[in-house]
Amino acid sequence: MRLTVFAFTVAVLGFASVSSAGQGPSGRYYVTDESGFNKIWQFQGNTLSSFGTVTAGADGPIVVDGNAGLVRSVSGGFSGGGGGSGAAYNLAGVPLNPVSLDFSLYGGHGRVIDAGFDGKNSYIVSGLFGAAGVFMYNGDFSGPGSLMFNLAGTAATAQGITYDTTTDTIWVSDYDFNAGATGGRIRQFSLTGVELSSFAVVDDQGNASERNTALAYDFSDDTFWMNAHVENTLGFGFGELWQFSRNGTFLQKIHGKQFDSTAPGNILYWGGEIFATGASAVPEPATICALAVGILVPLARKLGTRARRA
């Protein structure tokens with residue numbers, strides 16, 4: 001019922017179509033950087049903005065809570081028993097209170113640099129340099145966390161993660177040093193860990209990205225964005241942001257310098273999530289149902305009135 005209602009809601013509201021070439025995301029894409037600038041960058045349309053983070057070191061996992069109007073991020077790169085401190089910010093970047101992610105129960109697991117959010121819970125993926133799995137925490141990263149499922153094979157290199165509000169599934173992105181010309185893959189999993197689909201991260205010119213991070217789902221146009229680690233395909237250095245359709249069709253790539261000439265050319269992004277315009281970033285199930293009822297009831301009454309007149 002949840003997915004049917006959401007699909008109907010999207011159809012009725014008529015969310016924006018896929019961005020035109022050369023434009024940034026329809027929703028506001030918040031990304032953290034690995035490159036030491038200590039900022040959270042925001043891409044939307046043809047604009048780029050940023051705000052500073054309060055913690056030292058590179059932030060990684062980030063969630064955007066549209067219901068609360070908050071961005072939460074914590075330091076990234078920790079693994080096998082490390083922990084990450086960070087902060088909650090309002091959507092304009094004003095720091096409000098500290099948050100932290102405790103990964104101490106999961107020694108031996110790999111690097112953590114990205115997160116997803118379903119309106120209530122946050123999800124992180126731990127992979128690459130250790131055991132790999134998908135974990136669930138509270139929405140503010142608090143709690144001991146719980147292992148949802150393990151990742152194996154090349155999926156065990158995963159470093160990007162996002163929650164798909166349309167299908168109630170998890171997507172992760174490979175960070176596979178050995179992928180070569182084929183590129184890494186973006187993989188869709190059920191909440192119980194069954195792999196449902198995947199596609200290769202290859203652009204329209206055949207350039208493949210084997211190391212993919214900052215994975216984010218934009219439900220305003222049903223597309224995915226990620227940081228693709230490739231060299232000089234736009235002439236600005238590495239760390240491009242690539243957009244794909246749900247079925248894996250490459251749509252476009254952008255770089256910060258397209259929107260701001262003072263933006264760094266050699267930046268890499270670790271974590272990423274999207275606040276979609278026109279609605280809460282990720283509506284909770286109750287919100288979705290209430291919204292659908294608010295649309296369906298008046299529509300049913302209107303149809304019923306027409307039927308009686310006929």
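The predicted model contains 17 aromatic pairs. One of them joins Phe103 and Phe135 in an edge-to-face arrangement, with 5.1 Å from centre to centre and 80 degrees between the planes. This pair connects distant parts of the chain, since Phe103 belongs to the loop between strand 7 and strand 8 (111-117), while Phe135 belongs to strand 10 (residues 133-138), 32 residues apart. Phe103 is buried at 0% relative accessibility, and Phe135 is buried with a relative accessible area of 0%.

A further pair is formed by Trp171 and Phe199, whose ring centres are 6.3 Å apart and whose planes meet at 50 degrees, so the pair is tilted. Because Trp171 lies in strand 13 and Phe199 in strand 15 (residues 195-200), the pair ties together parts that are 28 residues apart in sequence. Trp171 is buried, with a relative accessible area of 1%, and Phe199 is buried at 5%. Both rings belong to a cluster linked by ring pairs, which also includes Tyr217, Phe224, Trp242, Phe244 and Phe250.

The two pairs are set out below.

| Pair | Centre distance | Plane angle | Arrangement |
|---|---|---|---|
| Phe103 and Phe135 | 5.1 Å | 80 degrees | edge-to-face |
| Trp171 and Phe199 | 6.3 Å | 50 degrees | tilted |

Phe135 is also among the residues touched by Ser122, together with Val63, Gly116, Phe117, Met136, Tyr137, Asn138, Gly139 and Phe141, leaving aside residues up to four places away in sequence. Ser122 is located in strand 9 (residues 121-127) and is buried, with a relative accessible area of 0%. The side chain of Ser122 reaches the backbone oxygen of Asn138 at 2.6 Å.

Val63, another contact of Ser122, has Arg72 in strand 5 as its bridge partner. Strand 4 and strand 5 (residues 70-75) pair in the antiparallel sense over 5 bridges. They are part of an open sheet of 4 strands, with antiparallel pairing and the order 4-5-6-7.

The protein has an average pLDDT of 82, and 79% of the residues score at least 70. The mean is highest in strand 13 (residues 169-173), at 98, and lowest in helix 1 (residues 2-13), at 34. Residues 1-21 have a pLDDT below 50, and this stretch has 46 contacts in the model beyond near neighbours in sequence. Over residues 232-237 the pLDDT likewise stays under 50, with 17 contacts beyond four places in sequence.

Technical notes
Residues numbered from 1 in each chain as written. Heavy atoms only, no water. Pairing = 2+ DSSP bridges. Helix = DSSP H or I, 4+ residues; strand = E, 2+ residues; numbered from the N terminus. pLDDT = per-residue confidence, 0-100. Contact = heavy atoms within 4.5 Å. Buried < 20%, exposed > 50% of the residue type's maximum accessible area, 1.4 Å probe, protein only. Polar contact = N/O pair within 3.5 Å; in protein donor to acceptor, adjacent residues only side chain to side chain. Phe/Tyr/Trp six-rings, centres within 6.5 Å; stacked < 30°, edge-to-face > 60°.
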